[in-house]
Structure formats: C-alpha cells, structure tokens
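I opened this structure to look up a few things and note them down. The entries follow in the order I made them.

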Amino acid sequence: MCGISGAVGLKNISNLLYEGIRNLEYRGYDSCGVALMNRKHLVVRKNVGGVEEFFRKENVLSVRSKIGVAHTRWATHGKVTPLNTHPFQSCDGHFALVHNGIIANFRPLKEQLLREGHAFVSETDTEVIPHLLEKFYQETHDVEAALVKVLHVLEGSYAFAFLSTHEPDQIFCARRESPLMLGIGDETKFVGSDFTAFIDQTKNAVIIDDGEYAIVSRDSYVVKNSVTLEEVEKPIVKIHWDSETSKKGGYPHYMLKEIYEQPHTVTAALDLETASVDELADLIAKGEDAYFVGVGTTYYVALFAKYIVSQLAGIFIPAISSDEFAALASVNRKSAVIAISQSGETYDTLSALKFARSRGARTGAIVNVMGSSIARLVDQVILQRSGPEICVISTKAALSQMVILIRVALRLGLKRKKLTRKEHDRALGHLQELPAIIQGILNERSGFIHRIAHKYSKTRHWLYLGRGIYYPIALESALKMKEVAYVHAEGMPGGFLKHGTLAMIDQDIYSIVFIPPRKDQELYQATLHSVEEIRARNGFVLGIHFDERGKNKELFSEELMLPPVSPLIAPILQLVIGQLFSYFTATSLKRTIDKPRSLAKSVTVG
Ligand code: F6R
C-alpha cells in the first residue's frame, strides 16, 4: 500500500500536495517524495521517513510550483532507501513518476531496457515505467501516445501519475486494479489514490476505472479508454465523507476496516514468493532444535504455528512468549529461532532474538514492517505485505501470519516427506479458497454477529474454549475481547475444564466454543463433549460450528454457523468470528476502539 497525491493549479500547489500526501500517510509511511515542475524543469526530492519529516528536511515547501505529484511509500519491492523512493525519473530527466501496485512483468522489461542502454538506480518494479515512457516518446514525440504504448506492455496492477517536461502543464495518470481518482476543484485539479488526497479542497471526484487513463490540467481533464483511445464520459461523484472517514474507507473504525481487508491481506500472504517461504522452512529444518517466539497476539500466532507444524510436518517446535524466552529456551549454534512480529520493533521479541543470537543461534522472522529492527536483525525474513495496521489491536497482520505459517508448515511437510506432493498441492488449493470464503463470511455473517454481540454485551465473564489448533484461536479471540472491550475473557483448552474450572460454571458464566468441522472426527467429538459438560451445569454456550442448522440444536444456547470447509482453513475462519465478536461487543459498550486503554501499537519497552 502506498499513497499518490497530485495537483495542478493557478497558484503555488506545494502546500496542497503536502496536505494531500499527509492525509494519505495511513497507507504507508516508510518513505516519501515529490516531483514539482519549476519553470519547465522537474525538481525531484525524496527520502526515507514520514511525510512531515521529509517536507521539513528537504524544505519542499520552499519550491514554488503550479503542478506536482507526491508519493508516500509502504515498501513491497526493494528496501526502504532513498534510491527506492518514488518519484522515479527517466534517464533523460524528462519524466518523473509515482506508482502504487506491482508491475508483474518488470523483470523482462527491465532486462530489455538495460540492453537498450537505460540505466536504473533502484531495485523497484516501478522504475521501468519512466524508462518506457522515455523510449516510446523518442518513437512518437507525443506524451499521450507514449503513455498508451506503455499501458500496452505493462502487466500487473497499477495506479500511477507522472509529469513530463514535454507537457509541463499536465498530469498524466492511469489505472489498472489499483484505485485512482481525480478531484475537480474550480481553480485546481487533483489526482489521488483515494479521496483523502484532496478531500479538504474539493468534494467533487471522478473515479478512474480499470483500463482508463487521464490527462489533467488546471482548467480541464480528459479520461480515455486505453484500448479504444476514445474519450469516456465520467460522472462527477459527490463525496460526503470528511477526511477522517475517508481514511477509514467509510468504516467507523480502523479495526473494522482492517478486519474487512483480510481477504486482500490473505491474498498477499498467498502471493508471497515460494522461495522466501522455503528459506524459512529450510532454516527450521536445518536447526537441531527450533523455537517460535512472539508476544501478546504474536505469541498466540506462535502457538498456532506449533500446532500446524506438528500436524503437517510432524515436528514439535515449542512456542515461547518472547518475554520468557531467555528464562526458558536453551539455544545454541545449532538452534533456529523464528520470531513473529507485526511492528518488528517489540522490545520483548527483539530481546529474545538478541539473546538467541548471542548464543550463536540462527534467526528468522515474519514481520509486517520493512526496515524494522527485527527485519534487519535476523538472518532470514519474510515480509508479510499486509499493509499498515493502524488500529492498535492486531487483526489482519496476525491472520496473515497464520496463513504464512501454514505455508511454511506445508513446505516442511514436503521436505520431511510427511506430505506427498499431491497432499501438499491439495492443501495449497484449500488455502487459495480462503480469501473468497472470508469475504463471504464478512458479507453474510457480520450482521448476525453484531446482533449476538450486542445481546450479550453485558456479560462480565467469558470462557473461550477450543481443542487442538482451536486452542490458540480461543486464546487470541479472548485477548481481542479483553483488549478492545475490557471484558474478562479466559482462553482455555476444552479438555482443561474438567480439571477444576467446571466448578465455576453456572448460569452466570458464558462460554464460546470453537468447534472443528465434523471431518476432524476426534477433535469434533471431544469439543462437543466439553460443551455437554458446561450445559449439564446450566452454563451458556455460544457454539461456532460448521454443521448444518439445528444439527446440535439442544446443545447450544446460541449458535453461529460457518460454511463447510476443509479442516485446514477452518481455524482461520473461526478467528475472523472471534475478531468481529470482540469488535461488536466493544462498540456496544462504547469503547475507544482504535486506541484502547493501556496498549500501544508497538511496545518498545521491557
Ligand atoms: C494485540 C496486540 C499486542 C501485540 C504485541 C506484539 O492485539 O496488539 O498483543 O500483538 O505487542 O506486537 P508485534 O506483533 O508488533 O511484535
């Protein structure tokens, strides 16, 4: 995820560009850059760091210009460095471009351009575009014609905008599978990757659709189809949101927005190169012993990993909460320690890794923030590409980490011959179904979960129960409830109940039970057994299950049904329910959702 903002007007626009790109910072904030046209010359400034810091350090507001484009980056291809920051220029300096998305065929394009004598300065996929523009301009002597030719060779997803000294009063932009829109002010026109880029200046927008490009100047704009080259009549859309609502994409809270982004973040997790998943699997396989570490939510992700690796690869890898690692783990040069962290900055996890390294262990990590301390410290890193997680409470990042860890477990299973190639591929097939199934659940079940959560929002004590791999799901769902709704929720393995906790059960203790699909016969029966134990003591049970309606009617006080799916992906779906249930309980209790009390986004103290 990155942000694009562009403006062309009658007066100096550098301050408008600043406001626009600052509004987009929620989409990415590891580096920032601008291209401004100053007396028919392009001025390009860029650097790592947040928007405010960049504008101040580079003194951008002192450059007077009536036309410019800006970008805030969340790195996907290439490290966080000044050279990898947008805008990118052509060799002749006549084009400067900013881009969101991924150019899928950038490697062959780059090789061809290199052969033709173009020089590249970055590791990004984006840089091929300005070079292609230069090449095609030399052939056509027309910027629009060059743009059309570029659109015909690019594959992948993009929203991009560029300036050219050949047409110094126009912004050119195009879109495929990445949002792009124009803001239509009286004296100024805008380009943005979403409304937030210009919402404080105008509420009139034109949405660019896939396969279209636009040419925008101070007093006019034209949108065309990139295949037919015909002009497209576009309606002006009135934006009713303010900038805060717009940043949240219309959702009332980032937490809900991020829960709803999960079909995309899971797709991103599934699209990660197999090579990086393999390398992490290799690191584990080569160690004489291995550990998963994380803390809070990521400890529960680590626990999930412990189960899935045991299930699919037949290896027992302990999961240790990072803060307990030094006291518990006996690591040496032959050990492998795999950390899981959204921010890549958490003190406890960083300390565990430093401890492991001081004993000579090899280290790996799954992190969401490129360039973070953990990403830089370890020998092997997987960047999960979930995009910035703004809500303090982790949802989409954790769920993606679980998906990545299933992929790691599958590779390990294959390496250790615990799985045949056919079993491995079938499992991958089930994983591929996940984004659409999550989307279906979000579309069809949210209303019901909302009602149930509201109905029981006054409950003071919840037990969250799951057996096997549903135990970490129960723990993580209970943590969501505690941290966002401030309601007591205790996660527990179902089998644990009869060893004491049953004494507590009466009509005032409410339980949520995560039930596996029936195909998981033993686990299914054992979990239902726990439900019976509670019901026999008049306890309330909300059963989340994959059976048809009414199958176990008398067993549950309330039931929430999920579509029949493979046992491999079932726990992930249960977690989505756990997230939504806590969110809606918290909204019923009027909690401060995105900034809950006593929790910071990255806990950098011990
Ligand atoms: C839970 C939560 C915390 C973090 C924990 C680790 O919603 O936000 O429990 O999961 O502090 O943080 P990272 O993943 O950034 O290392």
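I began at Gly294 and looked for its partner in E16, which is Ser321. I read strands (E, at least two residues) and helices (H or I, at least four) as DSSP runs, numbered from the N terminus. E16 covers residues 319–321 and pairs with E15 in the parallel sense over three bridges. Two strands pair if DSSP finds at least two bridges between them. From E15 the chain crosses through H10 to E16, and this β-α-β crossover is right-handed. I call a crossover right-handed if, with the strands pointing away from the viewer, the path from the first strand over the helix to the second runs clockwise.

A note on the source: this is a predicted model, in which local features need pLDDT of at least 70 and side-chain atom pairs count only at pLDDT 80 or more, while totals for chains, interfaces and linings use all residues. Residues are numbered from 1 along each chain as its sequence is written, and side-chain values use heavy atoms, with hydrogens and water left out.

**Strand E15**

I stayed with E15, residues 289–294. Which strand does E15 join by five bridges? I found E17, residues 335–341, running parallel to E15. Asp289 has Ser335 as its bridge partner in E17. I then checked how covered E15 is: five of its six residues are buried. Buried means under 20% relative accessible area, exposed over 50%, and partly exposed in between (1.4 Å probe, protein chains only).

**The ligand**

Next I turned to the ligand. It has 13 residues around it, and Ser341, Gln342, Ser343, Thr346 and Glu483 come nearest. A residue is near if one of its heavy atoms lies within 4 Å. I sorted the shell by class and got three nonpolar, eight polar and two charged residues. For these classes, Ala, Val, Leu, Ile, Met, Phe, Trp, Tyr, Cys and Pro count as nonpolar, Asp, Glu, Lys and Arg as charged, and the others, Gly among them, as polar.

Which helices each supply at least two residues of this shell? They are H10 (297–313) and H16 (470–485).

A polar side-chain atom of Thr346 lies 2.5 Å from one. For Ser341, a side-chain N or O atom is 2.6 Å from a ligand oxygen. For Glu483, the distance from a polar side-chain atom is 2.7 Å. On its own the ligand has 410 Å² of accessible area, and the protein covers 94% of that. Accessible areas come from the Shrake-Rupley method with a 1.4 Å probe; for residues, only the protein chains shown count as cover.

**Strand E20**

I moved on to E20, residues 461–466. Five of its six residues are buried, so the strand is largely enclosed by the rest of the structure. E20 pairs with E21 (residues 488–493) in the parallel sense over six bridges. Leu465 has Met492 as its bridge partner in E21. E20, H16 and E21 make a right-handed β-α-β unit. I also found E22 (residues 510–514), which pairs with E20 in the parallel sense over four bridges. Tyr464 stands opposite Ile512 in E22.

**Single residues**

Is Glu558 buried or exposed? It is buried, at 15% relative accessibility. I placed Glu558 in strand E24, residues 558–561. Its side chain makes a polar contact with the side chain of Tyr456, at 2.5 Å. A polar contact is a pair of N or O atoms within 3.5 Å; within protein, one must be able to donate a hydrogen and the other to accept it, and residues adjacent in sequence count only if both atoms are side-chain atoms.

Arg376 sits in helix H13, residues 373–377. Arg376 is exposed, with a relative accessible area of 61%. Its C-alpha atom is 9.0 Å from that of Gly344, 32 residues apart along the chain.

I looked up Asn538 in the loop between helix H17 (521–535) and strand E23 (540–545). Asn538 is exposed, at 56% relative accessibility. Its phi is near 65°, a positive value in a residue other than glycine.

Glu177 also has a positive phi, of about 65°, although it is not a glycine. I found Glu177 in the loop between strand E8 (171–176) and strand E9 (181–184).

Last, I noted a cis peptide bond that joins His86 and Pro87, with omega about 0°.
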